Amino acid sequence: MNLRRIAKIAFSSLTSRPYPESPAQGSAPALADALPQGFLLGTATASHQVEGGNDNDWTDWERGAHPDGTPHIKDRTLSGAACDSWNRFDDDLACMKMLGANAYRMSVEWSRLEPSEGAWNEAAADRYLAWATRLREAGITPMVTLHHFTLPRWVATQGGWMSDRTIDLAAAFAGRVARRLGGAVDLWCTINEPNVLMTMGYLKGIWPPGMRDQRIAAGVLARLMKAHARMAGAVHENDKKDADGDGHATRIGIAHHVRIFQPASRSPVDKVVSGFMDALFNQALVDAHLHGRVQLTVPGAVDIDEAVPGLAGSYDYLGINYYGRDHVAADLGDPSLSRQFVPEDRPVSDLGWDIYPEGLYLVLKRYGSLGLPIYVTENGIADRSGMSRPAFLRAHFDALVRAAREGVPVRGYFHWSLLDNFEWAEGFEPRFGLFRVDDDSPDKKRIATPAVETFQEIARQLGLKPEAP
Ligand code: FCB
């Protein structure tokens with residue numbers, strides 16, 4: 001056990017100040033002055049959640065149930081045709097134009113491109129390339145995520161992220177995609193939320209492969225970091241084409257989910273447990289980039305400290321996915337050693353997530369001094385009525401602007417999500433879309449929610465031009 005590291009985390013959790021409740025201040029009369037030239041304003045999606053017709057480890061998981069009989073997906077829905085985005089790119093592009101967006105974060109589906117080991121689906125690669133090209137022609141910068149939670153079945157059955165071989169396979173895949181799409185894509189995201197994948201798939205067991213084991217989980221996080229380093233190397237090697245002529249053929253980062261962990265009480269135990277949550281969930285990925293080492297510590301269970309070649313300095317930018325805050329109380333019986341909850345008096349989303357815009361400001365300030373450009377790669381709210389999203393979007397964007405005014409090098413904001421989509425184990429019930437997808441209409445009509453107007457206002461303030469539908 002690394003006692004020094006444990007003592008350091010415990011000490012800083014005991015001495016840190018509580019998080020403020022104050023709302024994000026300072027709405028921005030002249031956004032264009034506060035934000036840098038070329039600021040990216042866009043939306044984000046992920047292949048499995050929107051494309052439809054996928055066949056991967058998740059489609060298998062969707063059909064199954066936990067040992068106690070509860071279905072893996074809450075409303076028992078399958079991702080199925082999802083938003084049918086695979087066949088409706090024109091509709092999605094029209095939505096982006098209507099928003100006035102100048103960027104789009106999308107992911108490519110590994111199981112589609114490489115349906116079996118070594119096989120390569122040229123037609124699917126052509127389609128992704130055509131999308132990236134058309135986005136660019138429309139003045140929309142594509143950011144392409146290479147791994148957003150799903151694995152091809154053939155990778156999962158070989159052990160998935162529990163096997164070192166997956167690192168090689170992911171690096172080879174990344175290189176191939178970079179070679180194929182590099183002429184239209186400069187902005188890459190290797191892996192979406194390694195910490196969430198670890199937590200949901202390997203600690204809580206509610207996503208595939210359904211493990212609940214601290215040691216396995218820590219091993220998976222370490223492997224994801226190694227994979228990131230290898231994938232970043234492969235993208236650099238294979239994408240030498242500078243699509244937008246800004247002198248950079250590639251800018252590579254990771255989408256890191258950062259949460260505020262608020263100790264539930266003044267008890268030192270709650271504080272220390274919150275500190276370990278923060279160290280493992282928030283800080284480990286950032287330190288990995290700074291020091292080139294994967295260092296993970298859970299007292300009594302996990303002690304990983306390993307140098308990873310290619311990891312130091314492997315982020316050209318830090319992507320931050322921010323959704324809110326957890327109150328944390330110690331619970332030594334749980335594999336995460338804690339219980340996370342939202343106090344009853346807090347405003348929450350349809351999923352019960354704490355709406356805490358101040359947290360985005362705090363997170364941006366925290367990571368603003370790393371010397372890395374920052375993109376908010378995801379931020380959004382489950383809001384079936386669509387009535388809470390405008391205020392949510394405005395308050396979070398204000399928090400971002402406030403951080404930018406104070407010197408944080410924030411270069412973009414991607415709202416999750418363009419469309420209502422398949423929200424993993426929660427099924428289709430939660431609605432995160434700026435556009436609703438009408439499942440009853442034969443062409444899955446995209447219908448604007450009230451927050452489209454809010455997005456358009458921000459776009460106009462940035463000098464962008466939303467198009468009439
Ligand atoms: C993030 C995921 C994204 C989506 C949103 C709501 O953690 O990256 O795919 O599910 O949450």
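A residue is called buried here when its relative accessible area is under 20%, exposed when it is over 50% and partly exposed in between, with a 1.4 Å probe and protein chains only as cover. Trp424 is buried on this scale, with a relative accessible area of 3%.

## Basis of the model

The structure is a predicted model, in which local features need pLDDT of at least 70 and side-chain atom pairs count only at pLDDT 80 or more, whereas totals for chains, interfaces and linings use all residues. Residues are numbered from 1 along each chain as its sequence is written, and side-chain values use heavy atoms, with hydrogens and water left out.

## The ligand site

The residues around the ligand are Gln49, His148, Phe149, Asn192, Glu193, His257, Tyr323, Glu378, Trp416, Glu423, Trp424 and Phe432. By class, this shell holds five nonpolar, four polar and three charged residues. In this classification Ala, Val, Leu, Ile, Met, Phe, Trp, Tyr, Cys and Pro are nonpolar, Asp, Glu, Lys and Arg are charged, and the others, Gly among them, are polar.

Polar contacts are pairs of N or O atoms within 3.5 Å; within protein, one atom must be able to donate a hydrogen and the other to accept it, and residues adjacent in sequence count only if both atoms are side-chain atoms. A polar side-chain atom of Glu423 is placed 2.7 Å from an oxygen atom of the ligand. For the side chain of His148, the distance from an N or O atom to a ligand oxygen is 2.8 Å, and for that of Asn192 it is 2.9 Å. The ligand has 300 Å² of accessible area on its own, of which the protein covers 96%; the areas come from the Shrake-Rupley method with a 1.4 Å probe, and for residues only the protein chains shown count as cover.

A pair of aromatic rings is described by the distance of the centres and the angle of the planes. Rings of Phe, Tyr and Trp (its six-membered ring) pair if their centres lie within 6.5 Å; planes under 30 degrees apart are stacked, those over 60 are edge-to-face, and the rest are tilted. The structure holds 23 such pairs. In one of them, Trp58 and Trp424 are tilted, at 4.9 Å centre to centre and 55 degrees between the planes. Trp58 belongs to helix α4 (residues 57–62) and Trp424 to the loop between β11 (410–416) and β12 (435–437), so the pair ties together parts that are 366 residues apart in sequence. Helices (H or I, at least four residues) and strands (E, at least two) are DSSP runs, numbered from the N terminus. Trp58 counts as buried, at 1% relative accessibility.

Trp424 also pairs with Phe149 in an edge-to-face arrangement, with 5.1 Å between centres and 75 degrees between planes. Here Phe149 lies in the loop between β3 (141–147) and α8 (153–156), 275 residues from Trp424. Both Phe149 and Trp424 are buried. One aromatic cluster is formed by Trp58, Phe149, Trp207, Phe422, Trp424 and Phe428.

## Charges over rings

A charge sits over a ring if NZ of Lys or CZ of Arg is within 6 Å of the ring centre and within 35 degrees of the ring normal. The charged end of Arg112 sits over the ring of Trp86, 3.7 Å from its centre. Arg325 lies over the face of Tyr356, at 3.8 Å from the ring centre.

## Backbone features

Two peptide bonds are described here as cis. One joins Pro208 and Pro209, with omega about 10 degrees, and Pro209 is found in the loop between α10 (194–203) and α11 (214–238). Another runs from Trp416 to Ser417, with omega near 15 degrees; Ser417 is in the loop between β11 and β12.

Glu193, although not a glycine, has a positive phi of about 45 degrees. Its place is in the loop between β4 (187–192) and α10, and Glu193 counts as buried at 5% relative accessibility. Lys444 is likewise a residue other than glycine with a positive phi, near 45 degrees. Lys444 lies in the loop between β12 and β13 (446–448) and is buried, with a relative accessible area of 15%.

How values were computed: Near = heavy atom within 4 Å.
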